[in-house]
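Here is a short briefing on salt bridges. Look at the chain first, then read the points below.

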Amino acid sequence: MTPAARVAAAIEILDLVLSGNPAERCLTTWARNNRFAGSKDRAAIRDHVFDALRCRESFARLGGSAGGRGLMIGACRAEGRDLAEVFSGIGHAPTPLSPEEEQALLGPVPEGVELLDWPEWLVPRLKDDLGADFGPVSLAQRERAPVFLRVNLAKCTREDAQAQLRCDDIDAEPHPAALSALKVTRGARKLRNARAYQEGSVELQDLASQIAIEALPLEGVSRVLDYCAGGGGKALALAAHAPHLKIDAHDIDAGRMKDLPVRAGRAGARINVLLPETVAGEWDMVLIDAPCSGSGTWRRTPDAKWALTPARLDELVRLQDRILREAQAYVGPGGYLVYMTCSLLKCENDQQAQKVSVNPEWEWIDHRQLTTQDGSDGFFYSIFKRVAE
């Protein structure tokens, strides 16, 4: 496919996404229906779509409209590409710009347009919550997220993992913020077929999650409950970090954990999966990776950014309240409660943690808000210790 034909394909897919369809599904469907497109074509089109979604508002301003075509006109302008060359109508290229489209591009570009790529209703809240970091975080959220791997330290060292990855033409460098972290610098699209991945020496996991796991106070801890386990990434990281732990994984939706036994087997980890409604007893540590807005990960899932509504955020906050109340009952005397989200919003982070801290049964011993300024996704963790009776 020509570069212009890739832009045309991105316009088609973006129109489907903007009408309410999940981006991943739209990309997969397009690929199945257009088997002539090679792997490089599919990768380039995917990049166009996700770049446009990350920068949806600013590209719409640059392109004169908020549809798929307007976003790609804006993307081309942002890149300094020749619009007449891309929108030529030759072959499978998009049709030439209409007089109306050309007229829309004559006005000045609004100042600070690069800071607009958030849902409009969320901007005042983010400005308050992020303070001086609002500008830098806004700019970083417009870029693709780096790819991080977590080295399974129960199996190999970081150096060993790097050597294994190089055998599959993948380069990765250690990151100083976490003992297990490797940042992929070349060959990220080859990872799932790499021997190091297939044999459990590495797992895909953002730097922030690795930082949070390594911050946990595990001295005297032998039993851990991952209460909202999802795919089990935190449970697997714990198992690699502290192989002596007995780890139970639970999720209200058991289907989210369906791949966990296979992933655990690949990693050489022992993780017991608890079905919904079967949690009973007390643990030394209960970890809650709570359902949240995902605002810290919107570089990776930019369509989710535009789907969030005030009503949905309120619903998530209420759900977090309920989960926090439930989980406290499973922490034994002297045990730890760990609350985590991949959010940038205080209503999901600090304000939830403060509801626990006012209870005299709990001592608030640590917390941290991570953003793109730390080189990672947005992430929050807070650690409480139950006062021993």
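Glu24 is partly exposed, at 40% relative accessibility; that class lies between buried (under 20% relative accessible area) and exposed (over 50%), with a 1.4 Å probe and protein chains only. The model is predicted: local features need pLDDT of at least 70, side-chain atom pairs count only at pLDDT 80 or more, and totals for chains, interfaces and linings use all residues. Residues are numbered from 1 along each chain as its sequence is written, and side-chain values use heavy atoms, leaving out hydrogens and water.

- Glu24 forms a salt bridge with Arg46, with the closest N and O atoms 2.7 Å apart. The term means a side-chain nitrogen of Lys or Arg within 4 Å of a carboxyl oxygen of Asp or Glu.
- Arg46 lies in helix H3 (residues 39-54) and Glu24 in helix H2 (residues 23-33), so the pair ties together parts 22 residues apart in sequence. Helices are DSSP runs (H or I, at least four residues), as are strands (E, at least two), numbered from the N terminus.
- Arg46 is partly exposed too, at 31% relative accessibility.

- Glu57 and Arg61 form a salt bridge at 3.0 Å, N to O.
- Both lie in helix H4 (residues 56-63), four residues apart, about one turn of the helix.

**Between two loops**
- Arg142 and Asp117 pair in a salt bridge at 2.8 Å, N to O.
- Arg142 sits in the loop between helix H9 (134-140) and strand E1 (148-151). Asp117 sits in the loop between helix H7 (99-104) and helix H8 (123-130).
- Both Arg142 and Asp117 are buried.

**Overall**
- The structure holds 30 salt bridges.
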